[in-house]
Amino acid sequence: YGQAARSANVVYIVPGFASMYRVDVLDQIDIAAPGLVIEDFNMTFEVHAKKLGRIAFRPDVAVAYTQDPDTWDDYVGQVRRWSLGFWQTVRLHGLHAGPFWVALALQLVELVSSSCLLLPMLPVMLFTVYTDTLADIYGNPRIMGREFVGPLCPYYVLIGFVLPDVLLTVIGAIALRQPKLLLLAPLFPAMRLVDAWIWLWSLPKAFRTYSSGIWASPSRREADPTPLDVDRAPAVDVGTNAPTAMRV
């Protein structure tokens with residue numbers, strides 16, 4: 001909602017399953033841009049690049065349903081597809097002047113720097129434990145390499161990375177009224193490392209891969225017939241007029 005504020009308008013992705021566009025802007029958007037694995041990012045970038053309207057959340061307009069991946073392979077495949085599609089779209093459009101492009105540049109810096117920081121965290125932390133153990137065994141606090149990894153001792157990683165992540169999971173479980181998420185809270189930091197690897201892996205791939213846009217949909221399960229609370233189901237529309245078409 002913050003990115004979609006009237007004074008900001010820097011939303012960088014309108015999810016395909018929950019998007020509504022004015023009919024008069026559709027012919028100005030390259031929906032099937034060649035070489036991209038997905039179209040959602042590109043359509044959103046086109047709205048900003050061509051100044052076609054403001055992207056806003058409208059939970060009072062429509063309710064959209066989606067399904068999260070059920071298996072680990074489906075999850076990794078979905079994140080790989082998202083990340084590759086994002087980098088391909090950045091490659092296609094580049095950066096321009098304007099609030100959206102400034103926000104995008106900041107996000108790119110944050111995405112790359114945080115991923116580069118997260119990935120070596122686990123091996124460095126393990127090396128710290130190893131050197132600390134050797135120092136205790138031999139009574140020598142000057143074990144080679146120990147001084148270079150001291151700041152990444154497990155306690156700092158726990159307080160600076162794991163604990164904030166778990167707290168966010170607690171907040172999410174309360175907001176979604178899903179206490180079972182608390183059982184998975186310790187696993188989410190590990191998933192952050194996997195996500196970081198996928199984002200960095202897909203960056204060079206986006207500059208040497210031409211995608212056909214054809215993808216294999218993960219297996220679907222039977223939909224829950226229980227109606228969703230409209231107040232908790234944001235949909236997305238582009239522009240200030242009432243949307244007249246929905247892309248499903």
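Me: Where does asparagine 9 lie in the chain?

Reply: Asparagine 9 sits in the segment before β1. Bear in mind that this is a predicted model.

Me: Is asparagine 9 buried or exposed?

Reply: The cut-off for buried is under 20% relative accessible area. Asparagine 9 has 19%, so it counts as buried.

Me: How do I read its phi angle?

Reply: The general idea comes first. Most residues other than glycine have a negative phi. Now the case here. Asparagine 9 has a positive phi, near 55 degrees, and is not a glycine.

Me: What is phi of arginine 177 near?

Reply: Phi of arginine 177 is near 55 degrees, a positive value in a residue other than glycine. Arginine 177 belongs to the loop between α7 (154-176) and α8. Its relative accessible area is 66%, so arginine 177 is exposed.

Me: Back to the segment before β1. Where is isoleucine 13, and how should I class it?

Reply: Isoleucine 13 is also placed before β1 (19-20). Between the buried and exposed cut-offs, under 20% and over 50%, a residue is partly exposed. Isoleucine 13 has 25%, so it is partly exposed.

Me: Which residues is isoleucine 13 in contact with, leaving aside neighbours within four places in sequence?

Reply: They are Asp40, Phe41 and Thr44. Take threonine 44. It is 31 residues from isoleucine 13 along the chain, yet their C-alpha atoms are separated by 5.6 Å.

Me: Which residues does proline 99 touch, not counting those up to four places away?

Reply: Proline 99 touches Ala8 and Val10. Proline 99 and valine 10 are 89 residues apart in sequence and 6.8 Å apart in space, C-alpha to C-alpha. Proline 99 itself lies in helix α4. Its relative accessibility is 59%, so proline 99 counts as exposed.

Me: What share of the contacts with a separation of 6 or more joins residues 24 or more positions apart?

Reply: In the protein chain, that share is 77%.

Me: How many helices and strands are there?

Reply: The protein chain has nine helices and four strands. From the N terminus, the order is β-α-α-β-α-α-α-α-α-α-α-β-β.

Me: How should I read a nonpolar core?

Reply: Start with the general idea. In soluble globular proteins, nonpolar side chains tend to be buried together. Now this model. The largest nonpolar core has 16 residues. Those with the most contacts inside it are Phe45, Phe86, Trp87, Phe100, Leu104 and Leu108.

Me: What about a charged residue that is buried?

Reply: Look at arginine 54. It lies in the loop between α2 (40-49) and β2 (55-57). Relative accessibility is 19%, so arginine 54 counts as buried.

Me: What does the side chain of arginine 54 reach?

Reply: The side chain of arginine 54 reaches the backbone oxygen of alanine 4, at 3.0 Å. Alanine 4 is among the residues of the 10-residue core.

Me: Where is serine 211, and is it buried or exposed?

Reply: Serine 211 is found in the loop between α9 and β3 (236-238). With 8% relative accessibility, serine 211 counts as buried.

Me: Which side chain does the side chain of serine 211 make a polar contact with?

Reply: The partner is the side chain of glutamine 88, at 2.9 Å. Beyond four places in sequence, serine 211 is in contact with Gly35, Leu36, Val37, Leu84 and Gln88.

Me: Now the outside. Which residues form a nonpolar patch on the surface?

Reply: Leu183, Leu184 and Leu187 form one, with about 320 Å² of accessible area together. Leucine 187 lies in the loop between α8 (181-184) and α9 (188-206). At 51% relative accessible area, leucine 187 is exposed; the cut-off is over 50%.

Me: And the totals for the protein chain?

Reply: The protein chain exposes about 15,300 Å², and carbon and sulfur atoms supply 65% of that area. Of its 248 residues, 35% count as buried.

Key: Residues are numbered from 1 along each chain as its sequence is written. This is a predicted model: local features need pLDDT of at least 70, side-chain atom pairs count only at pLDDT 80 or more; totals for chains, interfaces and linings use all residues. Side-chain values use heavy atoms; hydrogens and water are left out. Patches are made of residues with over 30% relative accessible area and no salt bridge: like charges are joined within 9 Å, nonpolar side chains (Val, Leu, Ile, Met, Phe, Trp, Tyr) within 5 Å. Accessible areas come from the Shrake-Rupley method with a 1.4 Å probe; for residues, only the protein chains shown count as cover. A salt bridge is a side-chain nitrogen of Lys or Arg within 4 Å of a carboxyl oxygen of Asp or Glu. Helices (H or I, at least four residues) and strands (E, at least two) are DSSP runs, numbered from the N terminus. Buried means under 20% relative accessible area, exposed over 50%, partly exposed in between (1.4 Å probe, protein chains only). A polar contact is a pair of N or O atoms within 3.5 Å; within protein, one must be able to donate a hydrogen and the other to accept it, and residues adjacent in sequence count only if both atoms are side-chain atoms. Contact means heavy atoms within 4.5 Å. A nonpolar core is a set of buried Ala, Val, Leu, Ile, Met, Phe, Trp, Tyr and Cys residues joined through side-chain atoms within 4.5 Å.
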